[in-house]
Amino acid sequence: MATVLVIAEQAKGVLKKASFNALGAGQDLAKRLGGAQVHALVIGQGVGDAAKQLAESANAVHVADGAAFANPLAETHAAAAIAAAKAISATHIVIVASTYGKDMAPRVAARLGAGIASDVLSFTGEGNVHFKRAMWAGNAVATVEVTTAIKVVTIRGTEFPAGAKGLNGSVAALAADGGAPKTKFLEFNEVKSARPELTEARVVVSGGRGTKGDFKPIEQLADVLGAAVGASRAVCDAGWQPNDLQVGQTGKVVAPQLYIAAGSSGAIQHLAGMKGSKTIVAVNKDPEAPIFQVADYGLVDDLFKALPQLSEAAAKLK
Amino acid sequence: MKILVTIKRVEDYESKIKVKPDNTWIVTDGVNYRANPFDEIAVEEALRLRDANMPSEVIAVSAGPAAAATEIRSALAMGADKGILIKHDGWLDSDAVARLLQTLIEREKPDLVLMGKQAVDVDDNVTGQLLADYLGYGQATFASKKESLESAEEKAKKPGIKLAADKKSAQVAREVDGGLEVLEVQLPAIVTVDLRLNVPRYASLPNIMKAKKKPVEELTPAALGVDVTPKVKVLKVEPPPARAAGIKVPDVATLVNKLHSEAKVI
Ligand SMILES: Cc1cc2nc3c(=O)[nH]c(=O)nc-3n(C[C@H](O)[C@H](O)[C@H](O)COP(=O)(O)OP(=O)(O)OC[C@H]3O[C@@H](n4cnc5c(N)ncnc54)[C@H](O)[C@@H]3O)c2cc1C
């Protein structure tokens, strides 16, 4: 009998929004497996409320709560996930392909003798379910089969709807300790921002090297639109904006309703992180820039001229 | 100190990647190959750590076709001391690579293993973590540093990974969602590197010549006693869904109008 275990992600006891997409993916998978049970697991310290919230979309919730799990160490969190997977004989383990999920999921797979499909975009088939995932910076989409009895899947949160509610599963503490980790958490230098989080925002305004490091026009437009700010690798490498804002193949993948790219050429590695956006706007001085090939609306103009005009006009709409 | 660093032969990210008409793989004819860019950052870090902690040695390892000897030579030309090529033609999934490396590491017993966080062909981002668990090691993935790539530390080619004085542990800054996390990891450990750990050096001509004389050991999965039957099989490769062609708008007023009344996103 198939059983799906969805591992949620939280920070300071608050669930990440993508955890609900992981539940959606888990439910999708369970249906394809002929009506498997969906269990959820949350690991951390002070995660009782998060567990209750997960219970709405899962048949059962397991909670590994304690000081050993206070920091998101791959070793300790994988130990809890392995304990939960064994306790319920999970056949499929699902987690978001965030840095948290990418860090710990392979350790879970290794210990359970499972194969792992990473950054999965969708599932195909029933019974023997296969996984679609991007390769070569999104230049190709592969369908992969995981041949082991237990399968670990990290999913791209933006590609799955949030899980349905109304399951109201029971919540129970998991008997797990973090083992004896060989890593120690020292500090977390959080990038604080009043703007919405990049992967969760409805609108993203992103800047490239064309900004020459001056993000004022980007930020002004973001504030008018209630948007998150994103950046290309060139911008993060130069130290103009925090690394955390990099959108792309090796940064964050976003899929907002509206993505405005200003002063980015549209390198394939950047496109890999934003091609799934509903509407794409490009502002670039160079009419030949590849970004125009994916833009729904392209404006050939200087961003320092166009963005302030755009901010002004958008503000008037409100 | 003994540092093992991995280097994968991948399609050049500047080559045009096209899917084969029979949907089995990508077209490889006419595609250039090179070392995975993340692995070059790993090699650079290994060299900086070696040079700051002499006597030390850097071993560059690749699993792949015979042609991957080229990428090992490129690591040797950057300055690595010796190479090991685990020859295998055809598909090796990340799990098979992790198990090959596990066996090799049990033989070589390095103090530190540096790897790219992902290879830009399959974009898996799992091999280092699988390997860490198979070996029972700690891991620090997505290694970066607090200093920027424009900083004095980078210009002075200082290692971004900070070894403890007793060389029994290292401090690693990691690029994670929401910021930069710093971990202390006991050695031996697996560290996978991200883009902003360093800027890799170019090999100089004399070093390219010298690299030709450096030793490269050739092995096979069979010689290591590792079964490389994949746990993950690629069934089909397709082109990504195309986006419908867009339009160019003449001015900001038209753009705002379209976004408001056509796309209805503002
Ligand atoms: C292994 C690897 C991984 C990578 N991962 C990523 C990734 O995750 N994300 C990512 O973004 N990149 C990534 N890259 C880098 C990518 O290949 C490009 O180098 C990068 O995206 C370029 O950034 P850019 O578009 O800002 O800069 P450029 O390519 O330099 O483009 C700048 C653009 O700004 C325009 N411009 C200049 N001035 C103005 C102005 N005043 N007004 C309007 N337009 C102007 C120019 O016409 C130009 O098109 C990766 C590369 C490698 C090798």
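Trainee: In which loop is B:N125 found?

Mentor: This is a predicted model. B:N125 has a phi near 60°, a positive value in a residue other than glycine. Most residues other than glycine have a negative phi. As for its place in chain B, B:N125 is found in the loop between β6 (112-116) and α4.

Trainee: What is omega for the peptide bond from B:L187 to B:P188?

Mentor: Start with the place. B:P188 is found in the chain B loop between β10 (179-186) and β11 (189-193). The bond from B:L187 to B:P188 is cis, with omega near 0°.

Trainee: Now the ligand. Which chains surround the ligand?

Mentor: The ligand is surrounded by 30 residues. The closest are A:R209, A:S232, A:Q246, A:S265 and A:N284. The surrounding residues come from two chains, so the site is shared between chains A and B.

Trainee: How far is a polar side-chain atom of A:S265 from an oxygen atom of the ligand?

Mentor: A polar contact needs N or O atoms within 3.5 Å. A:S265 is one of the closest residues to the ligand. From its polar side-chain atom to a ligand oxygen atom, the distance is 2.6 Å.

Trainee: How much of the ligand does the protein bury?

Mentor: Take the ligand alone. It then exposes 980 Å². Of that area, the protein buries 85%.

Trainee: Which element of chain B gives two or more residues to the shell around the ligand?

Mentor: Chain A contributes α6 (233-237), α7 (268-271) and α8 (303-317) in this way. From chain B, it is α1 (37-52).

Trainee: How many residues of the shell are charged?

Mentor: Sort the shell by class. Nine residues are nonpolar and 14 are polar. The charged residues number seven.

Trainee: How are α4(A) and α4(B) oriented to each other?

Mentor: Helix α4 (residues 99-112) of chain A packs against helix α4 (residues 127-135) of chain B, with axes 8 Å apart. The angle is about 45°. The crossing is right-handed. The two helices are therefore oblique.

Trainee: What is the handedness of the crossing of α3(A) and α4(A)?

Mentor: The axes of α3 (residues 74-87) of chain A and α4(A) come within 9 Å and cross at roughly 50°. That makes α3(A) oblique to α4(A). Their crossing is right-handed.

Terms used: Residues are numbered from 1 along each chain as its sequence is written. Chains are lettered from A and ligands numbered from 1 in the order in which they are written. This is a predicted model: local features need pLDDT of at least 70, side-chain atom pairs count only at pLDDT 80 or more; totals for chains, interfaces and linings use all residues. Side-chain values use heavy atoms; hydrogens and water are left out. A residue is near a molecule or strand if one of its heavy atoms lies within 4 Å of it. A polar contact is a pair of N or O atoms within 3.5 Å; within protein, one must be able to donate a hydrogen and the other to accept it, and residues adjacent in sequence count only if both atoms are side-chain atoms. Accessible areas come from the Shrake-Rupley method with a 1.4 Å probe; for residues, only the protein chains shown count as cover. Helices (H or I, at least four residues) and strands (E, at least two) are DSSP runs, numbered from the N terminus. Ala, Val, Leu, Ile, Met, Phe, Trp, Tyr, Cys and Pro count as nonpolar, Asp, Glu, Lys and Arg as charged, and the others, Gly among them, as polar. Axes are lines fitted to C-alpha atoms, for helices over the stretch in contact, and angles run from 0 to 180 degrees between N-to-C directions. Angles under 35 degrees count as roughly parallel, over 145 as roughly antiparallel, 65 to 115 as roughly perpendicular and the rest as oblique. A crossing is left-handed if the near helix is turned anticlockwise from the far one by less than a right angle, and right-handed if clockwise.
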